[in-house]
Amino acid sequence: MDELISGYQRFRETAWPERKLLFERLAVRGQKPETLVIACSDSRVDPQMIFDAGPGEMFVVRNVANLVPPFMPDANYHGTSAAIEFAVRVLKVKQVVVLGHAQCGGIHALLDGAPPGAEDFVAGWMKIAEPARLMAEDANLPADERQRFCEQCCVKLSLANLAGFPWVAERIANGDLKLHGAYFGVATGRLEMLGDDGTFAPA
C-alpha cells in the first residue's frame, strides 16, 4: 500500500495541477466518452496507455480474457453485461473496441486448464470461450501459434456475442454504433486491428 500512496502523492504533486481544470469540467458535465473498451484484466495491458487516452475519454470494462458473455438477462450477476448496457444505452458511446492481447492467462486456462486456485470462477467463466477453443483445436497449430490464434478467435467471439445484445444490434443497424476488434502484443507493443476480411493487421 505504501507504493500506491507514494504514487498518489506524485499524482497530486505533478499530474493534478496540470489536470485540475479538466477534472473540474468532468465533475460538472459528467462523463461523455465516445468509446467503450472491453479489455483483459491483465496488469500488462492498460487500454488508456495503449490508446494514449486521458480521463473521461474511454469507458473501460476489464475482465479475464476480455470476454463478452451471450445476452442473458436473468437473476444472475452480470457485471460485464451491466457495464456494456450502461455504456451503450445510457452513455450512448459511438464505438466499442474489444481488445485482446498476447500471452493471455485466461486463454491459457481455456486451452490447458485453469491453474491451481482458479477453479471457483475462472474455469466456469472461460466456458464462454468454448467455441474459440474448439476452433483453435481444429486449426492443428503448434502450441505458441495455437495460443495466439485462440486469443484472436476470442476477440471475434466477443464481438459476435456483443452483436447479439438487441440494443447493440439496433444501434449498429441505425448507424449509431460501430464494433472493432483489436489485439495487443505485450512484448512488441504493437496493435493489430481486425479487418473486414477476418484477419488482424498492424494499425
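The legends below describe close-up views of a predicted model. Residues are numbered from 1 along each chain as its sequence is written. In this predicted model, local features need pLDDT of at least 70, side-chain atom pairs count only at pLDDT 80 or more, and totals for chains, interfaces and linings use all residues, while side-chain values use heavy atoms, with hydrogens and water left out.

**View 1. The largest nonpolar core.** This core has 23 residues, and L36, I38, I84 and V93 have the most contacts inside it. A nonpolar core is a set of buried Ala, Val, Leu, Ile, Met, Phe, Trp, Tyr and Cys residues joined through side-chain atoms within 4.5 Å; buried means under 20% relative accessible area (1.4 Å probe, protein chains only). At least two residues each come from strand 1 (35-40), strand 2 (58-63), helix 3 (79-90), strand 3, helix 7 and helix 8 (166-173). Helix 3 gives the largest share, four residues. Helices (H or I, at least four residues) and strands (E, at least two) are DSSP runs, numbered from the N terminus.

**View 2. The surroundings of V93.** Neighbours within four places in sequence are left aside here. The contacts of V93 (heavy atoms within 4.5 Å) then include L36, A87, V88 and L177. R171 and D176 are also among them.

View 3. Strand 3 (95-101) and helix 7 (143-163) each supply at least two of the lining residues.

View 4. F184 has L191 in strand 5 as its bridge partner. Six residues lie between these strands in their hairpin, where G189 takes a positive phi near 70°. Strand 5 is also joined to strand 6 (residues 200-202) by three bridges, again antiparallel. Here M193 is the bridge partner of A201 in strand 6. In this hairpin five residues lie between the strands, and G198 takes a positive phi near 85°.

Methods
Two strands pair if DSSP finds at least two bridges between them. Buried means under 20% relative accessible area, exposed over 50%, partly exposed in between (1.4 Å probe, protein chains only).
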